[in-house]
Amino acid sequence: MANGRLLIGNRRYSSWSLRGWLAVRLAELDVTDEVIPMSEGTTPAIKDGTPAGLVPYLEHDGARVWETLAICEYCAEIAPRLWPQDRLARAEARSIASEMHAGFRGLRQAMPMNLGRSFAGSGRTPEALADIARIEAIWGDALQRHGGPYLFGASFGAADAMYAPVVARFLTYEPELAGRSAAYVQAVRGHSLVTQWYELAAQEPEAWLLQKYERG
Ligand SMILES: N[C@@H](CCC(=O)N[C@@H](CS)C(=O)NCC(=O)O)C(=O)O
């Protein structure tokens, strides 16, 4: 029997769920995924079934954890490899993961995650483009200093999990990207857990589609 559960929203749309799920899977926690189909507005089952009214929400071995960054930290306690081993690199990884957690509202609003559609060219508001420029600077710096293909080298960690939904948005909206960013997008998309998430998203029923995310 599993040792807990992870509540998530639609895999097609829920970017925070993707981050939390990646951290949980990277740490190999034995928990069952419970997908709550999201509503056009607030989702009653998420509001009533989680401490903050938001997914992802993790229950594991007696612990209750919410807020994606807290879930990443919890998973990293169990699997320290989620953060870089080197103290300086770890400080950098935590900083850029926190920057993602707290910011990039312009990108998130103009380019909501939708794994099943192509909205190439849409969403290029000034705010989104400014966020993309900052994200490319973060990625470029980390990839150059740590050698890629992931942000902190050879293994996919918590920082990559935090930026995976940005990768998904870039694949859907296709903003112009520098070559190094484009290579990182492909590396993340090709990771087996990210591929698994896309495959599970594609299996979601049509009844779960939400107009607010399908308009482009
Ligand atoms: N700050 C939260 C954000 C989580 C969040 O906004 N989750 C969305 C889904 S992506 C949600 O639960 N929305 C409520 C709903 O759809 O009813 C975190 O880091 O986990």
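Colleague: Which residues lie nearest the centre of the largest pocket?

Modeller: This is a predicted model, where local features need pLDDT of at least 70 and side-chain atom pairs pLDDT 80 or more, while totals for chains, interfaces and linings use all residues. Residues are numbered from 1 along each chain as its sequence is written, and side-chain values use heavy atoms, without hydrogens and water. On a 1 Å grid over the protein atoms alone, a pocket is an open set of points where a 1.4 Å probe fits, with protein on both sides within 12 Å along at least five of seven lines, and lining residues have an atom within 4 Å of a point. The lining has 26 residues, and those nearest the centre are S14, W16, M38, L54 and Y213.

Colleague: Which elements give two or more residues to the lining of the largest pocket?

Modeller: Helices here are DSSP runs (H or I, at least four residues), as strands are (E, at least two), numbered from the N terminus. The elements asked for are α1 (15–26), α5 (105–110) and α10 (211–214).

Colleague: Where is the ligand?

Modeller: A molecule sits in a pocket if more than half of its atoms lie within 2 Å of the pocket's grid points. The space that the ligand takes is the largest pocket.

Colleague: Which polar side-chain atom lies 2.7 Å from an oxygen atom of the ligand?

Modeller: A polar contact is a pair of N or O atoms within 3.5 Å. T43 uses a polar backbone atom, 2.8 Å from a ligand oxygen, and E67 has a polar side-chain atom 2.8 Å from a ligand nitrogen. The atom at 2.7 Å from a ligand oxygen belongs to the side chain of H101.

Colleague: Which residue does a cis peptide bond join to V55, with omega of about 10°?

Modeller: Most peptide bonds are trans. This residue is in the loop between α2 (44–49) and β3 (57–60), and it is also among the residues around the ligand. The partner of V55 in the cis bond is P56.

Colleague: What is the phi of E28?

Modeller: Most residues other than glycine have a negative phi. E28 lies in the loop between α1 and β2 (32–35). Although E28 is not a glycine, its phi is positive, at about 60°.

Conventions: Near = heavy atom within 4 Å. Polar contact = N/O pair within 3.5 Å; in protein donor to acceptor, adjacent residues only side chain to side chain.
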